[in-house]
Amino acid sequence: MPSQPQLQAKQPVSSLLAGPYGHPFHPILVTVPIGAWVTSLVFDIASHVVDRPGFLTQSSQWLIAVGVIGALLAATVGFLDFFALPPGTPAFRTALVHMTLNLLVTAAYVGNFLWRHGEDIGRDSAVGTGPLVLSAVSVAALGASGFLGGKLAYHYGVRVADERKQAEGFTTTRPSASDADRTTRTTR
């Protein structure tokens, strides 16, 4: 039987803002910055391979901006999930490191965007070495943070339905006679 702190961490602080029980919004929203920033890094690298890299350089900068906006939205609902965790627990400490890494990564990408915006990059210039390295380090930190986010969900069960609710998905039901008859008719 889950303890009271475990049950508390599974319930949303606000269903309207953080997502209903068993369907948190935070894991859905984090796909935007992750996808945008990883693709941005791929474009940064590709800008050093192609003959006319300007479109990749510009696209990478826009992807960084999209990622920052997505990260701010994900952080908003992530804070709500964080407030449901009892302080002093391993789950709370893991969430604190996860949140800190994500805030640092987001700040690094804001700086990276401004750095690129401030550089006088021609239409056909590859991404500079500095911004490229900053992107690579940021994606690595994002990966570490994602590992911790996975630990929160899959190891500690934060905002995951409790075991009784999960068991419903594994309860086998015996097909009724009408279901068996319908299956027989469709396979003939």
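**Confidence, pocket and ring pairs**

Reply: The mean pLDDT of the protein (the predictor's confidence in each residue, from 0 to 100) is 83, and 73% of its residues reach 70 or more. This is a predicted model, in which local features need pLDDT of at least 70 and side-chain atom pairs count only at pLDDT 80 or more, while totals for chains, interfaces and linings use all residues. Residues are numbered from 1 along each chain as its sequence is written, and side-chain values use heavy atoms, with hydrogens and water left out.

Me: Where is confidence lowest, and where is it highest?

Reply: Helix H2 (residues 15-18) is lowest at a mean of 55, and H4 is highest at 97. Helices here are DSSP runs (H or I, at least four residues), numbered from the N terminus. Where pLDDT is low, the predicted coordinates should not be read in detail.

Me: On to the largest pocket. Which residues lie nearest its centre?

Reply: His26, Pro27, Val30, His98 and Gly149 do, out of 35 lining residues. Helices H3 (26-29), H4 (31-46), H5 (54-83), H6 (90-118) and H7 (129-155) each give two or more residues to that lining. A pocket is an open set of points on a 1 Å grid over the protein atoms alone, where a 1.4 Å probe fits, with protein on both sides within 12 Å along at least five of seven lines; lining residues have an atom within 4 Å of a point.

Me: What classes make up the lining?

Reply: The lining has 23 nonpolar, 10 polar and two charged residues. Asp, Glu, Lys and Arg count as charged, Ala, Val, Leu, Ile, Met, Phe, Trp, Tyr, Cys and Pro as nonpolar, and the others, Gly among them, as polar.

Me: What does the Trp37 and Tyr109 pair tie together?

Reply: Trp37 lies in helix H4 and Tyr109 in helix H6, so the pair ties together parts 72 residues apart in sequence. Both Trp37 and Tyr109 are buried (under 20% relative accessible area; exposed is over 50%, partly exposed in between, with a 1.4 Å probe and protein chains only).

Me: And Phe83, buried or exposed?

Reply: Phe83 counts as exposed, at 56% relative accessibility, whereas Phe82 counts as buried, at 12%. Phe82 and Phe83 form a tilted pair, 6.0 Å centre to centre with 55 degrees between the planes.

Terms used:
Rings of Phe, Tyr and Trp (its six-membered ring) pair if their centres lie within 6.5 Å; planes under 30 degrees apart count as stacked, over 60 as edge-to-face and the rest as tilted.
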